Amino acid sequence: MNFLKDKSLSITEIKAQDIRFPTSLKADGSDAMHKDPDYSCVYVTIKTEKLSGYGMTFTLGRGNEIVLKAVNSLTFLVKNRLVHEIFSNFGNFWRELTSETQLRWIGPEKGVMHLATAAIINALWDLWARIEEKPVWKLLSDMEPEMLVSTIDFRYITDVITKDEAIDLLKSRQENGKNERIKELLANGYPAYTTQVGWIGYSDEKIKSLCKEYLAAGYTAFKIKVGQNLENDIKRCQLVRDEIGYEKILMVDANQVWDVQEAISWMSQLANFKPLWIEEPTSPDDILGHATIARALEKFGIYVATGEMCANRVMFKQFLQARALEFCQIDSARIGGVNEILSVYLMAAKLGVKVCPHAGGVGLCEMVQHLQMWDFVSLSGTKENRWIEFVDQQHEHFVEPAIVRKACYMPPTKPGYSTKFKADVIDKFEYPGGSEWQKIGK
């Protein structure tokens, strides 16, 4: 690999910035729990003598400054490090970052510290892919199984999958049609579903209009937010079904608002609308509660999807072991970046659970497309009953935005993780001094 040819390349600077977008002004992103989000990120730039890498983690506005401080508290572990030493044993570096003897106390491997970890790790993967002159999905797909597995910290998950099992699993999948899958992916892309039609703050007329728009664009799977008011949920589900029909797929998302029995009761009253899944029906930490809901709703043909707020690979391990979800929703900015996400994909593959990434926000669509495309090429080998979420906003800020054609994500072709902002974005949206925030006066 190219980084091994220049063993003197080192990280000269790491910079973090608070970037926020005023999405609350139009109710974009609103749901039963989060009524006025301002989509935001902590944006990390990692510089070397030759190239830079760009990464981020996602928040909803207030508190972004706390994540920024957490990133800054970790930078001493990254600056002046030799690049080849990080990437040649990335799993060990990841553990070093997440196990710093004092900072670990305010995690461990969860919360603000793990969001900060994700921002740094995502920037490092962007840097690695730029050095290799490949998009991240292709960087991952081209790795020998042993190299890919070396990027993962298997501590706490060997009761489900070991390093050797992961290597064997990857080898068995790669030997069967990998090159053909790459060709198919480049030709046809990866299926998307849309959440853009169903934000809870949208009017009925806007929902109808958006359903028509996305049907015309070729979408066959639609997700709407529920959980604020049952009567209104029934009305909105009916409204969407009237527009898309029953041959299309409907998903619903409660964003954690219900107790366990409340979720079962509420969803039994929405069962006539034939939703494929209920997403985040209760506390994102309640593994056994999700399992109870999953068993109760199975008779309706409604499955549980969750994971966007899942703290780490250990919680995902238990969700998978308990069969508490049917659709595993990794988030590129929630747990500790690509390294930890790879471990979740491997556990899900071994246990036969489908992965459908959570996206939207700022940069989530751009990042998770790489992960799901790698999964198709090198691990699961299938797109059946799998989609990448698509929310059509904030893409204009990126140099290489996610591209969706005929309701399919098209594979990125430029080097990196698709995470670099355009030059003027920081000037406009850095908080609180950016020119757009000065106009708003917020």
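Is Glu205 buried or exposed in this structure? Glu205 counts as exposed, because its relative accessibility is 54%, where exposed means over 50% relative accessible area, buried under 20% and partly exposed in between, with a 1.4 Å probe and protein chains only.

Before I go on, please keep in mind that this is a predicted model, in which local features need pLDDT of at least 70 and side-chain atom pairs count only at pLDDT 80 or more, while totals for chains, interfaces and linings use all residues. Residues are numbered from 1 along each chain as its sequence is written, and side-chain values use heavy atoms, with hydrogens and water left out.

Glu205 has a partner, Lys208, and the two form a salt bridge with their closest N and O atoms 3.7 Å apart; by salt bridge I mean a side-chain nitrogen of Lys or Arg within 4 Å of a carboxyl oxygen of Asp or Glu. Both residues lie in helix H9 (residues 204–216), three residues apart, which is about one turn of the helix, and Lys208 counts as partly exposed at 29% relative accessibility. Helices here are DSSP runs of H or I with at least four residues, strands are runs of E with at least two, and both are numbered from the N terminus.

A search of the whole structure finds 29 salt bridges. One of them joins Lys47 and Glu13 at 3.8 Å, N to O, and this pair links distant parts of the chain, since Lys47 sits in strand E2 (residues 40–48) and Glu13 in strand E1 (residues 11–20), 34 residues apart. Asp18 and Arg20 also pair, with closest N and O atoms 2.9 Å apart, and both of these residues are buried. There is also a network of salt bridges that links Arg95, Arg104, Glu109, Asp153, Arg313 and Glu340.

Lys47 brings us to Ser52, which touches Lys47 as well as Thr45, Ile46, Asp126, Leu127 and Arg130, not counting residues up to four places away in sequence, a contact being heavy atoms within 4.5 Å. Ser52 belongs to strand E3 (residues 52–59) and is buried, because its relative accessible area is 17%.

Finally, the helix packing: the axes of H11 (residues 260–268) and H12 (residues 287–297) come within 9 Å and cross at roughly 25°, the axes being lines fitted to C-alpha atoms over the stretch in contact, with angles from 0 to 180 degrees between N-to-C directions. Among the residues that make this contact are Ile264 and Met267 of H11 and Ile293 and Leu297 of H12.
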